[in-house]
Amino acid sequence: MNRLEREAAVRRIMERAAPPVPPDLCAQALRRGARMLRRRVLARRVGWLLLLAAAVAFTVWALTARPWVEPPSRTTPPLTGW
């Protein structure tokens, strides 16, 4: 298909009558958009809540387990100097 054929095809497409648009298309789009926005806001809030819960759980674990403290030795040191 050369350039002239493509231009002719495009002109034929553009000269056609536009398909009819449903009368309630705008209302449907608004309802769908509002529903998507509510779901997105809810998902964002749930995500932040889970992140906060994980941070609190990690803080509580760190304060009780104290992973930065060296555990006590299980053997006694050798006696020297008797």
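Let me begin with valine 56, which counts as partly exposed because its relative accessibility is 47%, and please keep in mind throughout that this is a predicted model. Valine 56 lies in helix α2, the element that runs over residues 25–65.

With a relative accessible area of 41%, leucine 25 is partly exposed. To give a sense of distance along this part of the chain, leucine 25 and alanine 53 are 28 residues apart in sequence, and their C-alpha atoms are separated by 42 Å.

Now to the charged side chains. How many salt bridges does a search of the whole structure find? The search returns 1 salt bridge, and the partners are glutamate 7 and arginine 3, whose closest N and O atoms are 3.2 Å apart. As a general point, side chains that carry opposite charge can pair when their charged atoms come close. Here the two residues both belong to helix α1, residues 3–15, and because they are 4 residues apart in that helix, about one helical turn separates glutamate 7 from arginine 3.

As for accessibility, glutamate 7 counts as partly exposed, at 29% relative accessibility, whereas arginine 3, with a relative accessible area of 60%, is exposed, since the cut-off for that class is over 50%.

Methods:
Residues numbered from 1 in each chain as written. Predicted model: local features only at pLDDT ≥ 70, side-chain atom pairs only at ≥ 80, totals over all residues. Heavy atoms only, no water. Buried < 20%, exposed > 50% of the residue type's maximum accessible area, 1.4 Å probe, protein only. Salt bridge = Lys/Arg side-chain N within 4 Å of Asp/Glu carboxyl O.
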